[in-house]
Amino acid sequence: MNFNSWQFLIFLPIVVLLYWILPKKFRWVMLLISSYIFYMCWNPWLIFLIVFTTAVSYISGLLMEKYDSKKVKKACMVVTVVSCLGVLFFFKYFVFLVNSVISLINLSGQNAAEFSMNLILPIGISFYTFQTLSYVIDVYRGRIKAERHFGYYALFVTFFPQLVAGPIERPENLIPQLKQDIKFDKKDLSDGFRISIVGFFKKVVIADGVAVIVNSVYNNIEKATGLTVIIATILFAIQIYCDFSGYTDIAIGVARMMGIKLCDNFNRPYIATSIRDFWRRWHISLTSWFTDYVYIPLGGSRCKAWRWAINVMIVFLLSGMWHGASWTFIVWGGIHGIYQIVGKLKNAAIKKLESKGKIHITDNTATRLFRQVVTFTLVCFAWIFFRGNSLSDCGIAIAKIFTDWSGSIQALSEIGFDATFVIRISLMCGILAFSYGMIKNETPIATKMSGGMLTARFLTYGLMIVAIAVAWVSIYVMGNGASEFIYFQF
């Protein structure tokens, strides 16, 4: 069930209403059933994978807490990691790995046929797998107590707002809230509704709006020009941000309607002044997951420079693989790993030169703006590999940027990029920026607004709702149906 589908518009009010009507002791039952129904709308049989992952991690947690033996704890940990990652590997990476081996065989001069296998990629498998692993690892480390109530634990794994595309929640944040006797608060309801509206606006109006041009360029890359590739890549940066953060906003908003607070997953990533800063702002829950469970156990930065560089590359290559079973994603992750290493070497060199008095860099508005532009450019270059359909397409796109600028103006009109489109997208982004500021504002102005501010709020959200409705109607009138969120494939 897509968030941006008419089925969800029926499903959500019923669930929220039942949540507030039912006594506390029945809420978890209703939410668990609702979460299973929500997931089974894609494919009923895939629910058994979630139940299996849930049961294995739940039992392991109990056994690790029951027995003091390190051997028993390690055995439980190994069984859980192998079981959960084994399911993830089989459904997501098995065919990719086999075909990669076949490609290597063919490169050596042998003739091996391509392998094919009809496997359905379970929606959100990477997200709920990492969520269960974080629980088991934390119990193993003694950071948290094992959850004894299977129902609450199952709900932690499958809580429908964040089940499919995050944020990746930690047990210490979500499970206590699921157990808590939350009292109805109309502010939670209204705030959740406003946050959800922003998410729908990002996805349905902006992300799906710019996707038309992005797809027309990247799906016909050989006919593109250097200018159209640059425009499409910048628009893809907008698309993927509005698509993914839009999902996160809807998830956070829906949970807030029930008084449950999910963790933030984005913090204005495109104003980052370095790649390191970008990853503090982009997909925050995944970044913190890899930091806690991969980077730090490898040694983090508490080691020699060459070892630190290897740790960074391992983390980002794994991050690329996490995003998809394709060499394009692995290269994308590797590029960001290289960015991190080069960035640290650059900072060390600058610091050394400053200590010798040879240079002096002032941290002012102009300097920060320059760093933001450089960072955004580097991020956009990496996005080429994230969006490209293949490595060869990515190579063509990069070559076009540096060599093919003939007929660029005419090509812009052919892909639908004109003054009207620019004005429309600029207006949409302006409305989005204003609404974002209204939501993030926790000062008294949020509760004691002037008449003008209150009018601006109603006008802004009114325009957003109208734009969402128009986009929704046009989608279903054309018979295309709701488009999936980009991160559903991960």
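How do the residues of the lining of the largest pocket divide into nonpolar, polar and charged? In this predicted model, the lining has 17 nonpolar, 12 polar and eight charged residues.

The largest pocket has a volume of about 1200 Å³. Its lining comprises 37 residues. Closest to the pocket centre are Ser274, Ile275, Arg276, Gln340 and Lys344. Helix 14 supplies the largest share, with nine residues.

One cavity of 30 Å³ or more was found. The volume of this largest cavity is about 50 Å³. Tyr19, Lys24, Arg27, Trp28, Leu31, Gln177, Leu178 and Gln180 form its lining. Two elements give two or more residues each: helix 2 (24-40) and helix 8 (171-179). Helix 2 gives the most, with four residues. By class, the cavity lining has four nonpolar, two polar and two charged residues. Lys24 and Arg27 are the charged pair. Gln177 and Gln180 are the polar ones.

Terms used:
Residues are numbered from 1 along each chain as its sequence is written. This is a predicted model: local features need pLDDT of at least 70, side-chain atom pairs count only at pLDDT 80 or more; totals for chains, interfaces and linings use all residues. Side-chain values use heavy atoms; hydrogens and water are left out. On a 1 Å grid over the protein atoms alone, a cavity is a set of points where a 1.4 Å probe fits but cannot get out, and a pocket is an open set with protein on both sides within 12 Å along at least five of seven lines; lining residues have an atom within 4 Å of a point. Grid points are joined across faces, edges and corners, and a volume is the space filled by probe spheres set on the points.
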